[in-house]
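Hi there,

Here is the structure I promised to pass on to you. Have a look at it first, and then read my notes below.

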Amino acid sequence: MSGNGRALVLGGGGVAGIAWLTGVLAGLAGEGADVTHADLLLGTSAGSAVAAQIGSGLPVAELFARQAEPALQNRELVPSGGVTVADFAEIWKRLAEEDPDPMAIRRGLGARALATDTVDEAARRAVIEARLPVHEWPSRDLRVTAVNALTGDLRVFDRASGASLVDAVAASCAVPMIWPPVTIGGIRYVDGGVRSPNNLDLAAGYGRVLLIAPMDDPALAADIAAVEGEGGRVEVIVPDEASVTAFGADPLDPSTRTPSANAGLAQGKGAAENIASFWG
């Protein structure tokens with residue numbers, strides 16, 4: 001990609017993250033810093049859903065309303081496998097202590113995902129389908145990350161990948177042990193956040209990269225360096241104190257959507273002047 005291109009990278013963070021990301025984008029756009037027309041949309045987990053929603057062509061204000069207004073919010077499932085977000089984080093930490101190799105950690109999480117009884121895969125897919133206003137890949141460059149549950153290998157889905165948009169987003173959002181792995185072409189996939197909460201390094205080669213990241217990312221400094229090493233410039237928006245409070249203790253709790261969307265909106269408005277200058 002030409003170093004003049006612009007990439008919008010959207011990270012993971014549960015349903016709270018979806019709402020917050022959408023709020024930030026709406027806040028930016030409302031103050032004259034609309035970044036949704038980026039050359040590349042790169043989404044991981046929650047970010048994959050938001051990237052697909054942007055790709056649908058709906059105005060960002062309408063996407064925001066679908067997150068902020070309870071009457072317009074889609075139905076979400078409650079996890080049934082008995083594993084909480086805190087449990088997931090603890091298991092990840094334990095795996096990393098046993099073997100710090102990233103691939104080993106991914107395979108360990110994938111194996112546990114495959115062995116855990118969660119909600120039905122078809123029922124979970126229906127939720128993802130309801131999240132997306134359009135179910136076809138857009139003509140623009142939209143990329144969605146997931147991880148092979150058996151091998152730990154990264155898979156980046158796009159319109160040329162042969163996977164449906166709904167399946168690709170479902171795979172990217174398949175938090176191990178909380179949601180079921182997603183079957184695409186006979187292969188089971190889990191959340192792209194198992195590799196990285198943002199996968200920012202995949203935007204290397206673009207001249208201006210805006211990362212909106214709901215969650216902490218231990219690899220962030222290295223990923224920024226990877227983009228800058230290819231001649232790119234990076235700006236990052238992370239949750240402020242009000243947004244963290246809105247997320248609460250469980251970012252998968254659907255009740256976090258309205259407060260997270262509104263906190264994101266306020267944060268986006270506050271960041272708009274700086275982002276408009278950066279984005280050009």
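A word you will need is "buried": a residue is buried when its relative accessible area is under 20%, exposed when over 50%, and partly exposed in between, using a 1.4 Å probe and protein chains only. Please keep in mind that this is a predicted model, where local features need pLDDT of at least 70, side-chain atom pairs count only at pLDDT 80 or more, and totals for chains, interfaces and linings use all residues. Residues are numbered from 1 along each chain as its sequence is written, and side-chain values use heavy atoms, with hydrogens and water left out.

Let's start with a helix. Helices (H or I, at least four residues) and strands (E, at least two) are DSSP runs, numbered from the N terminus. Helix α5 covers residues 102-115, and its 14 residues reach 20 Å from first C-alpha to last, close to the expected 20 Å; that expected span is 1.5 Å times one less than the number of residues. I105, R106, G108, L109, G110 and A113 are the buried residues of α5. They pack against α4 (85-98), β3 (141-148), β4 (154-157) and β6 (187-191), where contact means heavy atoms within 4.5 Å.

Next, the cores. A nonpolar core is a set of buried Ala, Val, Leu, Ile, Met, Phe, Trp, Tyr and Cys residues joined through side-chain atoms within 4.5 Å. The largest one has 55 residues, and L8, L28, F157, V169, L210, I212 and I237 touch the most other members. Helix α1 gives the most to this core, nine residues. A second, separate core has 19 residues, including L77, V119, I178 and W179.

A cavity is a set of points on a 1 Å grid over the protein atoms alone where a 1.4 Å probe fits but cannot get out, and its lining residues have an atom within 4 Å of a point. Grid points are joined across faces, edges and corners, and a volume is the space filled by probe spheres set on the points. How many cavities of 30 Å³ or more does the structure hold? There are two. The largest has a volume of about 110 Å³ and is lined by 13 residues, with G14, V15, R124, R131 and L252 nearest its centre. Three lining residues come from α1, the largest share. The second largest cavity, about 30 Å³, is lined by V15, I18, Q67, N74, E76, R131 and R257.

Happy exploring!

Definitions and conventions:
1 Å grid on protein atoms, 1.4 Å probe; cavity = no way out; pocket = protein on both sides within 12 Å on 5 of 7 lines; lining within 4 Å.
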